[in-house]
Amino acid sequence: MTAAATSNERAVSTAYGVAGLLAFMAIWEAGGRSGLLGASFPPISEVIEYLIDPTRRSLFERAVSATFVSAVRGFLIGAGVAVLLASIGALLPAARDGLDRFVASVHAVPLIALGPLFIVLLSRDGTPAAIASLAAFFPVYVASAAGFDDTSRTHRDVFSALGASRRIRMRLLQIPCALPSIADGLRLAAPAAVLGAILGEWFGAPRGIGILIVSSMQNFQITQLWASALLAAAISLSAFGLFGMLERFVVGRVR
Amino acid sequence: MTDTVITDILQTIDLIEPAVGVPEAVAPVTDALRLTNVVKDFPLRRGEAFRALDRIDLTIAKGEFVALLGPSGCGKSTILRLAAGLEQPTSGTVMLGNDEPVTVARRQGLGVAFQDHALLPWATVAANVAVPFKVARRRVDHDRVADLLELVGLTEFANARPRQLSGGMKQRASIARALALEPEILLLDEPFGALDAVTRRRLNIELQNIWARDHVSTMLVTHAVEEAVFLADRVVVMSAKPGRVEEIRTIDFERPRRPELLQSPEFHHVVDELTAALDENSYVDAVELG
């Protein structure tokens, strides 16, 4: 009964999503064709046509794979460090406040200000991954730290009365308890890492979607600009959707 | 006015009680639990404090089943939390045998079960019962786990997840977990408090059977008079604001106690008397508040 109801609800919400997307594309198409939105707004069919044109295939492929690799590297590093620091905060309560403040300060620095710094410190190749890792770090840290804290009082009492050490408590109680929250953090971090990688590319990476966007802007290649933006959005959304599935799976296992 | 009367009564009790308590340091300890002159204050706003427990003296002998009975807010759960090392007394001492509760907890000598079953939702019933082994870094004794599951009638549900169990089954699993490492003392805080009356009665009968097997020293916190009388060797009646021991009643129904006992007139007589004692204390409360 309930399973059927939820799958029904999901079908309805998917239908709404598809309808919304189609409506959006229709408005875009109409706006572009009528010219009402100005010269810098080509109809979406033109953008898609540009994107799938076989002569530009290798161009987009190289850009996408460069951005994808940077985003994945950054995501892994950022999320890994975030979970590690949050675990340290959970195991050493004395370190917790300091860590929280440190993370908040790091997050307060605009990523765009760090770009030139990374170019100097790392390399042109490393900058996109570095910025992607910073972008992914914050949501994962916040979600993990909250997740490790999210144990119920009676669970904590039972473990205390059983004389559990902090490490045992972490392993048997806090980590499983935190998994849904961490998965949620990863879901938010995945598109952030993609956007971070693109941002990092602006500072002069050899290739990538970011470079494509910058060069299209400078050369007034409107259609190519839109095509690149569409690609970036598609990658971000796929990453978001993929980790959304992971989250649902984890929640089903843990709760 | 009433305050002074109660203080007088308590002082009289104090005069009698320490006679047993003083030479205890020399004699071999036979108590599973001993609270001596325990006071517990909880800080409220600046400088103010709420006195949850006022000069509590209480012992549980080895192998004895003691029920703490009282209205909500009388501090009975606080006594249990002190015994489990989850709270520290403001003054006075809490000893489990020769050791402090935290020491006993560290050597996995405590078994606890709360009203909220606190099973791990991601683990199977068997894995939940095995948790104390893992906490103690011991190899899981699967025979012991299977034995406990049989004892609480959950053998068929060994691989089920807690959310697939009924409320009563979850509590049984929680009690099995509490018994896993053969604790020195079993601390039960309203374990059946959230269950319906029929299930509750059935689980009381089951708990009595489980307990009859190895007579582990037990403290049961409850507000159900029937439950206390059916299960306990002694019932400690408490009053609230601040929490005090009003009366200690020895229940000498023969063991093992059969379900028929619940229908007997003697049983009902004791239940009525203790209910009246509880009621009186609530009346004192009302006067104090008025």
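Predicted model: local features only at pLDDT ≥ 70, side-chain atom pairs only at ≥ 80, totals over all residues.
**Chain A overall**
- The C-alpha trace of chain A spans about 70 × 60 × 30 Å along its principal axes.
- Chain A has 255 residues, and 36% of them count as buried.
- Among contacts in chain A with a separation of 6 or more, 76% join residues 24 or more positions apart.

**Helix α10 of chain A**
- This helix covers residues 222-254, which is 33 residues.
- At 1.5 Å a residue it should span 48 Å, and its end C-alpha atoms are 48 Å apart, so the two values agree.
- Its buried residues are A:Q224, A:L225, A:W226, A:A227, A:S228, A:A232, A:I235, A:A239 and A:F243.
- An α-helix has 3.6 residues a turn, so residues three or four places apart point the same way.
- The cover over the buried residues of α10(A) includes α2 (44-52), α3 (57-91), α8 (166-202) and α9 (209-218) of chain A.

**The largest nonpolar core**
- This core has 139 residues.
- A:A193, B:L69 and B:M219 have the most contacts inside it.
- Helix α8(A) supplies the largest share of this core, 16 residues.
- Leaving out residues up to four places away in sequence, B:L69 touches B:T222, B:H223, B:V225, B:A228, B:V235, B:V236, B:V237, B:M238, B:L274 and B:L278.
- In soluble globular proteins, nonpolar side chains tend to be buried together.

Notes:
Residues numbered from 1 in each chain as written. Chains lettered and ligands numbered in written order. Helix = DSSP H or I, 4+ residues; strand = E, 2+ residues; numbered from the N terminus. Expected span 1.5 Å × (residues − 1). Buried ≥ 20, exposed ≤ 12 C-beta atoms within 10 Å, placed from the backbone. Contact = placed C-beta atoms within 7 Å. Core = buried A, V, L, I, M, F, W, Y, C linked by C-beta atoms within 7 Å.
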